Amino acid sequence: VQLQASGGGLVQAGNSLRLSCAASGRTFSDYRMGWFRRAPGKGREFVGSISRSGGATYYSDSVKGRFTISRDSAKNTVYLQMNSLKPEDTAVYYCAADRSDRAGAGSFDFWGQGTQVTVSS
């Protein structure tokens, strides 16, 4: 499956941004989807994931209550709605797909290119 992330940009702290990740090449519903990020000078961090059906979502403690993951099977797209953004959310955000339907983080099989999110104070 090929993944194309978009929607990044520069935003002021406290504002919102929505990232999209379009999937192609395979049946979208066969994959759970995840979002990760990498901040400058840091390792990759799990942000959240959504099950194949969309019925279950999981988030890291750092974004829980502020970020929401959803998926639209008709559009083969997964979204990351980011509210109440903070400067520490500045990172390159990546979407990923996994053929398993495990809960939470874990390994993902396919990765998209990143999209930069910069939150100014």
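A salt bridge here is a side-chain nitrogen of Lys or Arg within 4 Å of a carboxyl oxygen of Asp or Glu. Keep that cut-off handy for the exercises below, and remember that this is a predicted model.

**Exercise 1: the salt bridges**

Work out how many salt bridges the structure holds, and which partners aspartate 98 has.

Solution. Start with the count: there are 7 salt bridges.

Next, take aspartate 98. Its side chain meets that of arginine 32 at 2.6 Å, N to O, which is inside the 4 Å limit. Aspartate 98 sits in strand S9 and arginine 32 in strand S4 (residues 32–38), so you're looking at a link between distant parts of the chain, 66 residues apart. Both of these residues are buried.

Now look for another partner. Arginine 102 also forms a salt bridge with aspartate 98, with the closest N and O atoms 2.9 Å apart. Check the exposure of each: arginine 102 is partly exposed at 38% relative accessible area, while aspartate 98 is buried at 2%.

**Exercise 2: arginine 37 and its surroundings**

Find which residue meets arginine 37 at 2.9 Å, N to O, and why the pair ties together parts that are apart in sequence.

Solution. The partner is aspartate 89, in a salt bridge. Arginine 37 belongs to strand S4, whereas aspartate 89 is in the loop between S8 and S9, so the contact ties together parts 52 residues apart in sequence. Are they buried or exposed? Both are buried.

Then turn to the largest pocket, with a volume of about 180 Å³. Arg37 shows up again here: of the 13 lining residues, Arg37, Ala39, Lys42, Glu45 and Glu88 lie nearest the pocket centre. Sort the lining by class and you get 7 charged, 3 polar and 3 nonpolar residues.

Technical notes: Residues are numbered from 1 along each chain as its sequence is written. This is a predicted model: local features need pLDDT of at least 70, side-chain atom pairs count only at pLDDT 80 or more; totals for chains, interfaces and linings use all residues. Side-chain values use heavy atoms; hydrogens and water are left out. On a 1 Å grid over the protein atoms alone, a cavity is a set of points where a 1.4 Å probe fits but cannot get out, and a pocket is an open set with protein on both sides within 12 Å along at least five of seven lines; lining residues have an atom within 4 Å of a point. Grid points are joined across faces, edges and corners, and a volume is the space filled by probe spheres set on the points. Ala, Val, Leu, Ile, Met, Phe, Trp, Tyr, Cys and Pro count as nonpolar, Asp, Glu, Lys and Arg as charged, and the others, Gly among them, as polar. Helices (H or I, at least four residues) and strands (E, at least two) are DSSP runs, numbered from the N terminus. Buried means under 20% relative accessible area, exposed over 50%, partly exposed in between (1.4 Å probe, protein chains only).
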